[in-house]
Amino acid sequence: MSEQKGTIIKVAGPLVVAKGLPHAKMYEVMRVSDKGLIGEVIEIKGDNVSIQVYEETSGVGPGEPVVSTGTTMSVELGPGLLESIYDGIQRPLPLIEAQSGAFIARGIEVPALDRKKKWNLEPTVSVGDKVIAGDVLGEVQETNLIRHKVMVPPTLKEGTVLEIKSGDHTVEEVIAVVEDTSGKKHDLTMMQRWSIRKPRPSANKKIPNEPLITGTRVLDTLFPITKGGAGCIPGPFGAGKTVTQQSLAKYCDAQIIVYIGCGERGNEMTDVLIEFPHLEDPNTGEPLMKRTILIANTSNMPVAAREASVYTGITIAEYYRDMGYNVALMADSTSRWAEALREMSGRLEEMPGEEGYPAYLGSRTAEFYERAGIVDCLGSDDRVGSLTAIGAVSPPGGDLSEPVTQNTLRVTKVFWGLDAKLAYRRHFPAINWLNSYSLYLDNIGSYAKKAVAEDYMDVRGTGMSLLQEESKLEEIVKLVGMDALSAKERLILESAKSIREDFLFQNAFDPEDAYTSLAKQYWMLKTIISVYQEALPLVSKEGFEIEKLLNLPVLQEVAKCKEIKADNLEAYAELIERIKKEIGKLAAKMETES
């Protein structure tokens, strides 16, 4: 495509309008002004185009040139993505800092992937082999945790390998030559480019049925998310959205983590950038960054790049999914992304929807979360990859009826509702068990029965019903006081209190308590519930005093059951036996006295 040149006629913040570009395409990348600022076409009217500029536009004015690049906004995909820290349009921040200091110089160009570093390619195909889109040509040890698969691009449907090179190569050097069915030869490198707004294709989308194990008890047991699922964490300021997402990034059993700081405060993102390189991966003992990609686009960076950052992150995540990895993407927060949409929509003078957000907010939100999923990857081998998308939502004042939260809830199947009241009571994670939900429970039921215990779902159901009963009884207590309750109702309150304080409460800063395996979660909850089940016949007897039950020494051990090590689960079965014995003795004593 030949280069087009236009002229700026209007500048409104990050929106630049230019004329003289009759052949411009939607989402085409433009170089704006003499400074060469990066922008993207978001509206076309005749030969006038509206360009969303991803850099500061102060000092740019009418009459300056605009040059088309002929390409859409794309990301570079290849070895070297892991351990990187990018801005919203995939510019490596550490390299930018080395060139321009603490502030990003306008118009600066730094390649996303290192052009000089050589990677050792181990071919997995031979000359003469037939290949199709998605087939693995070779593997590179990207970090000591992840083997990077160099794949045939999705655009090359079928062909024959004419040449394949092993050994050390840069991402730009030709490592294979493939001849397609029409006789055209394609030079393939380790690097691919992919448009960020176009989902990467897959062979088939599957129904997710395996949980993403996060180590957080309230999530895994009560409101699980699957590998390939989509979830949201709405909550007011200070309720713990960022800490919850960082905990998920650290402990979940995904192989690759993509963390997007989208419009968050600079100090929060700084904590992530400083902390993540020093975090230890609990699964391998290696630094967590060896399987992590960070995308930082803070609230003081240009607003337009915030809108692109989530697409940049999810495209990189899809690339690793296509290799057959389980990928988890954290977007913190999608509210800031929606605010960027609202600002650009206002500058385009579009008809506003609810609360000023554009009318297409719902469809854009759906497009983003629908890129999550578990898929059969392209290629002739049987690779299965998953992409789990978890987005934080920051509703003003914690109002969950606002448009971003509601549109997100329509397309995600897991809702982890953070509650300011729980946070003020220092109950963390501050996830409200009464209004949160997961629609994946039926999907993972058979997995939980097989991998953990046959009665896993029954134990979880009993725990949830006790918490719901407690909520109803608390209303009665407020009206008439605790003395008006029966012994059975007191037992329900005490059991629910134990679930809240001994099971749901979790300290993210305590290495022992921050992560709990699925098996240990099951045994902890089963132990607490066994007290309720064993005592139920006792409290039904007339005149039974609940204090006699609460004074049993074994209940002190139940309160400390989280301290039992994960490799000593037999101790839980022994504790349950002691509960049965002590409550049995109490029952026998009552029989004697009566």
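Biologist: In this predicted model, are R197 and E40 buried or exposed?

Modeller: Both R197 and E40 are buried. That label stands for a relative accessible area under 20%.

Biologist: What makes R197 and E40 a salt bridge?

Modeller: The closest N and O atoms of R197 and E40 are 2.6 Å apart. The cut-off is 4 Å between a side-chain nitrogen of Lys or Arg and a carboxyl oxygen of Asp or Glu, so the pair qualifies. In general, side chains of opposite charge can pair when their charged atoms come close.

Biologist: Where in the chain do R197 and E40 lie?

Modeller: R197 is in the loop between β17 (192-195) and β18 (204-206), while E40 is in strand β4 (residues 37-45). The two are 157 residues apart, and the pair links distant parts of the chain.

Biologist: Which residues are linked with R197 and E40 in a network of salt bridges?

Modeller: E307 and R364 belong to that network together with E40 and R197. The structure holds 33 salt bridges.

Biologist: What makes D322 and R200 a salt bridge?

Modeller: Their side chains meet at 2.7 Å, N to O, and the limit is 4 Å. D322 is in helix α5 (residues 303-322) and R200 is in the loop between β17 and β18, 122 residues apart.

Biologist: Why is D322 called buried, and why R200?

Modeller: D322 has 5% relative accessibility, and buried means under 20%, so D322 counts as buried. R200 has a relative accessible area of 5%, therefore R200 is buried by that cut-off too.

Biologist: How do K227 and E210 meet, and what labels do K227 and E210 get?

Modeller: The side chains of K227 and E210 meet in a salt bridge at 3.0 Å, N to O. K227 is in the loop between α2 (217-222) and β19 (230-234), and E210 is in the loop between β18 and α2, 17 residues apart. K227 has a relative accessible area of 6%, under the 20% limit, so K227 is buried. E210 has 33%, which falls between 20% and 50%, so E210 is partly exposed.

Biologist: Why is L479 called exposed?

Modeller: L479 has a relative accessible area of 75%, and exposed means over 50%, so the label holds. L479 lies in helix α11 (residues 456-480). With I476 and V480, L479 makes a nonpolar surface patch of about 310 Å².

Biologist: Which residues touch the most other members of the largest nonpolar core?

Modeller: They are F276, W416, F544 and L549, in a core of 83 residues. Helix α13 (residues 518-539) gives the most to this core, with eleven residues. Apart from it lies another core of 76 residues, including I38, Y54, V125 and I293.

Biologist: What is W416 in contact with?

Modeller: Leaving aside neighbours within four places in sequence, the contacts of W416 include L219, F223, I225, P234, L248 and I431.

Biologist: How do you know that β1 and β2 pair?

Modeller: Two strands pair if there are at least two bridges between them; strand β1 (residues 5-12) and β2 have five, in the antiparallel sense, so they pair. One of the facing pairs is T7 opposite K19 in β2. The two strands form a hairpin with two residues between them, and G13 in the turn has a positive phi of about 60 degrees.

Biologist: How many bridges join β2 and β5?

Modeller: β2 and strand β5 (residues 48-53) pair in the antiparallel sense over four bridges. In β5, I51 is the bridge partner of V16. Strand β2 (residues 15-19) is mostly covered, with four of its five residues buried.

Technical notes
Residues are numbered from 1 along each chain as its sequence is written. This is a predicted model: local features need pLDDT of at least 70, side-chain atom pairs count only at pLDDT 80 or more; totals for chains, interfaces and linings use all residues. Side-chain values use heavy atoms; hydrogens and water are left out. A nonpolar core is a set of buried Ala, Val, Leu, Ile, Met, Phe, Trp, Tyr and Cys residues joined through side-chain atoms within 4.5 Å. Buried means under 20% relative accessible area, exposed over 50%, partly exposed in between (1.4 Å probe, protein chains only). Contact means heavy atoms within 4.5 Å. Patches are made of residues with over 30% relative accessible area and no salt bridge: like charges are joined within 9 Å, nonpolar side chains (Val, Leu, Ile, Met, Phe, Trp, Tyr) within 5 Å. Accessible areas come from the Shrake-Rupley method with a 1.4 Å probe; for residues, only the protein chains shown count as cover.
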